[in-house]
Amino acid sequence: MKIAPSLLAADFSALAQEVARVQGADWLHIDVMDGVFVPNISMGPPVIAALRDKTDLLFDVHLMIEHPLAYVEAFRRAGADCITFHTECADDPQELVEAISRNGAKAGVAIKPATGVDAIGPWGQALSMVTLMTVEPGFGGQKLMEAPLVKIRQIKERFPHLLVQVDGGVNASTIQLCARAGADAVVAGTAVFGAAEPQKEMERLRALQ
Ligand code: DX5
Ligand code: ZN
């Protein structure tokens with residue numbers, strides 16, 4: 001499985017150095033929160049733009065915001081390679097996927113722990129990745145819920161081409177649950193950035209699968 005460190009768990013006073021500590025990652029997961037869709041506020045396009053020339057890592061931007069359509073262009077311009085929106089947001093998913101593709105980014109969808117895979121309509125064909133939440137979105141450092149993991153195989157039955165990434169509570173004790181459930185990638189925030197040596201922690205996580 002691919003390992004995507006979540007910048008949310010990094011030291012925000014030294015983001016460029018933090019990004020340098022995870023150069024061996026498969027991509028960087030960037031959590032964007034608006035204080036409306038989730039009860040927390042994190043970062044927006046200016047922070048992503050400031051990091052864009054500090055690394056070649058792909059940026060997977062996880063939008064936990066209402067009205068994502070209004071921000072697609074700004075996040076793409078800031079340097080997002082993949083833009084992931086939540087199905088639970090009111091906007092028209094078909095239109096969103098088209099807007100993301102038109103702007104030259106890959107499109108991803110995220111679903112909350114209680115959201116069924118039926119929420120991913122035929123527009124799922126045009127996506128690159130599904131982010132399967134195993135915590136309620138809003139905060140890092142929570143405990144992984146196992147129940148949503150069954151959705152990985154359901155998604156793969158319907159959309160065999162899609163990468164499925166597990167997000168929330170992934171660490172050395174839970175990564176095997178994700179691997180066994182068929183995940184292609186995991187997001188790890190606290191586990192990676194909380195480690196003294198993030199690079200070694202990612203290697204340890206890879207070895208555990
Ligand atoms: C939660 C975010 C996650 C979070 C993961 O809303 O989407 O990406 O940062 O953090 P950990 O790995 O600490 O659970
Ligand atoms: Zn996330």
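A polar contact is a pair of N or O atoms within 3.5 Å. The model discussed here is predicted.

Q: What makes the pairing of the side chains of D60 and Q165 a polar contact?
A: The side chain of D60 and the side chain of Q165 meet at 3.0 Å. The cut-off is 3.5 Å, so the pair counts as a polar contact.

Q: Why is D60 called buried?
A: D60 has a relative accessible area of 2%. Buried means under 20%, so D60 is buried.

Q: Where is D60 placed?
A: D60 belongs to strand β3, residues 59-64.

Q: Which residues is D60 in contact with, leaving aside its neighbours within four places in sequence?
A: They are W27, L28, H29, I30, C82, T84, M129 and Q165. Contact here means heavy atoms within 4.5 Å.

Q: How many residues apart in sequence are D60 and I83, and how far apart in space?
A: D60 and I83 are separated by 23 residues in sequence and by 6.1 Å from C-alpha to C-alpha.

Q: Why is T87 called buried?
A: The relative accessible area of T87 is 15%. The limit is under 20%, therefore T87 is buried.

Q: Where does T87 lie, and which residues does T87 touch?
A: T87 sits in the loop between β4 (82-86) and α4 (93-102). Not counting residues up to four places away in sequence, T87 touches V109, A110, I111, T115, A119 and W123. T87 and V109 are 22 residues apart in sequence, with 6.6 Å between their C-alpha atoms.

Conventions:
Residues are numbered from 1 along each chain as its sequence is written. Chains are lettered from A and ligands numbered from 1 in the order in which they are written. This is a predicted model: local features need pLDDT of at least 70, side-chain atom pairs count only at pLDDT 80 or more; totals for chains, interfaces and linings use all residues. Side-chain values use heavy atoms; hydrogens and water are left out. Helices (H or I, at least four residues) and strands (E, at least two) are DSSP runs, numbered from the N terminus. Buried means under 20% relative accessible area, exposed over 50%, partly exposed in between (1.4 Å probe, protein chains only). A polar contact is a pair of N or O atoms within 3.5 Å; within protein, one must be able to donate a hydrogen and the other to accept it, and residues adjacent in sequence count only if both atoms are side-chain atoms.
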